[in-house]
Amino acid sequence: GGWVLLQNCHLGLEFMDELLETLLTAEIPNDTFRVWITTEQHPKFPITLLQIAIKFTNEPPQGIRAGLKRTFSGISQDMLNVSNLPMWKPLLYTVAFLHSTVQERRKFGPLGWNIPYEFNSADFTASVQFIQNHLKKIDIKKGISWNTVRYMIGEVQYGGRVTDDYDKRLLNCFARVWFNENMFDSAFCFYTGYKIPVCKTLEQYFDYIQLLPAMDTPEVFGLHPNADITYQKNTSADVLDTITNIQPKESGGGSGETREAVVYRSAEDMLEKLPPDYVKAQLVKMGALNSMNIFLRQEIDRMQKVITVVRTSLNDLKLAIEGTIVMSEASKNLRDALDNMYDARIPQVWRRVSWESSTLGFWFTELLDRNAQLSAWIFHGRPKVFWITGFFNPQGFLTAMKQEATRAHKDWALDKVAVHNEVLKLTREEITSSPSEGVYIYGLYLEGAGWDKRRSILVESTPKILFVQLPVLHMFAIDST
């Protein structure tokens with residue numbers, strides 16, 4: 001009649017089949033017996049076991065109001081009264097607000113945090129415990145050591161999880177702006193309408209929290225209003241993707257073109273536009289040991305692989321639709337290609353060897369554009385300005401440029417050379433010649449900021465404009481010794 005707890009079951013998938021069989025065949029006389037299992041998502045987890053289970057997930061609450069409610073539901077009245085100092089309750093509320101903020105920023109993806117972090121209630125509890133201990137030891141005349149508080153919260157308690165330098169800087173910025181003497185001022189607020197309440201009981205805190213807005217503007221978390229558009233757009237895309245994935249895949253009996261006919265026509269169209277294979281002889285003539293030509297050869301090898309995979313799978317798909325070859329369960333790639341091409345998405349086998357894109361049409365257009373840049377480089381000489389986002393390995397391109405500069409300056413050492421850049425006021429069409437040193441590049445976009453072309457500085461984003469294309473950049477190497 002007891003409970004059995006099995007944790008991290010995604011690490012023991014072989015036993016899950018045995019568990020399922022035991023549950024289905026064993027005669028358990030007591031109705032109060034339960035098996036509780038915890039697991040992460042796993043594609044090979046036995047689906048039958050999931051189907052007979054009651055699923056339970058524990059998601060972080062959405063919004064500041066819900067976040068504060070959950071945080072304060074774990075606080076007792078005794079904890080609220082643990083210190084008689086007037087600074088205790090405002091500090092406790094501010095840590096709770098910070099906890100909700102760092103949790104909520106995760107939903108904005110890279111705009112919120114460069115790397116997603118698993119902040120949890122242990123971080124909040126440890127921070128509160130530190131502040132409690134700190135208040136016990138302070139000299140009332142000297143007051144709180146704000147540098148200590150900020151360091152412990154921004155660098156240790158929450159900052160201990162953070163691995164990215166810019167994320168660490170953001171956390172320290174929150175600590176610096178919110179944790180100082182101003183927080184005890186009645187006019188202090190985290191954002192308009194988000195104040196620190198003066199309360200004595202938990203009920204009063206819950207009453208105040210209930211009055212906060214149900215939906216928060218991104219500005220509460222230090223983000224631009226455009227961040228909410230990005231979040232809503234990504235959420236909508238996820239929902240539509242899920243709906244598309246669970247649609248029936250077999251052709252219906254209704255009138256109109258069948259799935260196979262649509263995909264067959266699309267495959268024929270792509271095969272017609274697909275560029276021919278590369279001829280390596282042309283590369284040899286260009287000079288095999290030049291660092292830029294070595295990079296070009298690596299790019300062409302990868303592009304050739306993409307072209308070969310696309311051509312092979314499109315031809316096989318046509319043969320399978322015609323019935324010349326069997327599209328059995330064994331050929332999952334063909335089935336996947338058929339389903340994805342019908343939904344205007346990129347087949348998995350293509351994505352594995354290439355790049356991400358929102359739709360199949362954009363992906364194929366990018367393939368043609370990438371190929372055009374490489375072909376022009378081979379047959380018409382080095383471009384005056386490079387489309388850097390059209391390379392598989394943009395970092396390798398900049399390294400090749402550094403090697404080229406190092407060879408031109410005999411007294412430079414490669415490990416002492418740094419890449420420097422200058423944003424020009426010219427567009428790609430206005431570039432008429434290559435730079436005397438370094439390279440011109442284009443194709444970079446700003447997200448979360450705007451660009452003032454006249455003054456060549458970063459500015460705040462324009463409302464409802466999510467991406468801004470940068471002008472041409474002059475990338476060059478400098479000797480940092």
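N421 in strand β6 has M475 of strand β12 as its bridge partner. These two strands run antiparallel and are joined by 7 bridges. The model is predicted, and the protein chain has an average pLDDT of 90.

**The sheet**
- Strand β12 covers residues 473-479, and β6 covers residues 417-423.
- Both belong to an open sheet of 4 strands, in which the order is β5-β7-β12-β6 and the pairing is mixed.
- β5 and β6 form the edges of this sheet, each pairing on one side only.
- From one strand to the next, the twist averages 35 degrees.

**The contact of helices α3 and α5**
- Helix α3 spans residues 64-73 and helix α5 spans residues 88-104; their axes come within 9 Å and cross at roughly 125 degrees.
- The two helices are therefore oblique to each other.
- The crossing in which α3 passes α5 is right-handed.
- On the α3 side, the contact involves I64, G67, L68, T71 and F72.
- On the α5 side, these residues meet Y93, A96, F97, H99, S100 and T101.
- Sorted by class, the contact of α3 with α5 comprises 6 nonpolar and 5 polar residues, with no charged residues.

**Confidence of the model**
- A pLDDT of at least 70 is reached by 96% of the residues.
- Among the elements of the protein chain, strand β5 (residues 385-387) has the highest mean pLDDT, 96.
- The lowest mean pLDDT among these elements, 66, belongs to helix α12 (residues 281-286).
- Where pLDDT is low, predicted coordinates should not be read in detail.

Notes:
Residues numbered from 1 in each chain as written. Predicted model: local features only at pLDDT ≥ 70, side-chain atom pairs only at ≥ 80, totals over all residues. Heavy atoms only, no water. Axes fitted to C-alpha atoms, helices over the stretch in contact; angles between N-to-C directions. Parallel < 35°, antiparallel > 145°, perpendicular 65-115°, else oblique. Left-handed = near helix turned anticlockwise from the far one by under 90°. Contact = heavy atoms within 4.5 Å. Nonpolar A, V, L, I, M, F, W, Y, C, P; charged D, E, K, R; others polar. pLDDT = per-residue confidence, 0-100. Pairing = 2+ DSSP bridges.
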